[in-house]
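We will take a short walk from stop to stop.

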Amino acid sequence: MNVFQKRDIEKVQESLVTAINPSKKIKDLEKKFKFSETFENQVSLADAYLNEGMYEEAIKNYRASLKDVFVNDFYAISKLVEAYYYAEDYDNTIQYVDKIKDNPSFRKSKASFLYGLALEKTGNMASAEEYLRVFDAPYSNFNERLELSRFLVRQNKIEEAKEVLQEMISESEHMSRQSFKTNREAIEKAKEEFASLA
């Protein structure tokens with residue numbers, strides 16, 4: 001017989017309420033931040049806004065958190081880059097990347113990938129390709145590689161795009177069931193897009 005602790009039950013209840021009413025989580029985090037204006041509470045609130053697609057609110061809170069000892073915080077700046085990208089503010093996306101570019105964690109981060117896409121949006125194709133290609137690694141980064149192939153198609157590099165898609169498809173035939181399940185959507189799209197290019 002399983003014995004549940006009260007704390008476990010509260011966590012399950014909390015995640016159910018959040019799934020049913022996502023704004024409750026934001027309201028709770030807003031109250032928590034109002035009660036205690038810490039860096040951690042402000043970033044948690046910004047994360048919740050980002051997850052709900054409230055990019056302007058997320059940007060406002062990430063920017064406000066970047067002060068004192070946290071002025072160069074990698075996590076907050078990388079999430080700010082993400083918020084700016086999704087808000088389609090590509091100039092600020094690129095500007096804030098300059099603050100974290102030299103951090104070793106940047107190279108394979110989501111912020112780095114979005115930076116590559118922002119470079120494309122602002123017309124810097126060579127640098128965009130350089131950043132997007134970092135994610136072209138076997139048996140990983142399927143969504144990023146799918147986006148790389150789309151970028152290559154937009155640059156009229158059809159054969160290179162087909163090569164990326166073909167690698168993804170052949171890797172899918174040799175991966176574990178769990179890995180396939182995790183990447184199924186990207187693999188299916190890769191097959192569709194490869195067929196449309198053939």
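Predicted model: local features only at pLDDT ≥ 70, side-chain atom pairs only at ≥ 80, totals over all residues.

**Stop one: helix H6.** Select residues 90-97, which form helix H6. How many of its 8 residues are buried? The count is 6, so this helix is mostly covered. To see them, show side chains for Tyr90, Asn92, Thr93, Ile94, Tyr96 and Val97, the buried residues of H6. Next, colour what covers them: helix H4 (55-65), helix H5 (74-86) and helix H7 (110-121) are included in that cover.

**Stop two: the loop between H5 and H6.** Select Glu88, which lies in this loop. Its phi is near 65 degrees, a positive value in a residue other than glycine. Most residues other than glycine have a negative phi. Is Glu88 buried or exposed? Glu88 is exposed, because its relative accessible area of 58% is above the 50% cut-off.

**Stop three: the loop between H4 and H5.** Move to Asp68, which is placed in this loop. Asp68 is not a glycine either, and its phi is positive, near 55 degrees. With a relative accessibility of 65%, Asp68 counts as exposed.

**Stop four: helix H11.** Finally, select residues 177-197 for helix H11 and pick out Glu192 within it. Glu192 counts as exposed because its relative accessibility is 56%. Now draw a distance from the C-alpha of Glu192 to the C-alpha of Leu165: the two are 9.6 Å apart in space and 27 residues apart in sequence.

Methods
Residues numbered from 1 in each chain as written. Heavy atoms only, no water. Buried < 20%, exposed > 50% of the residue type's maximum accessible area, 1.4 Å probe, protein only. Helix = DSSP H or I, 4+ residues; strand = E, 2+ residues; numbered from the N terminus. Contact = heavy atoms within 4.5 Å.
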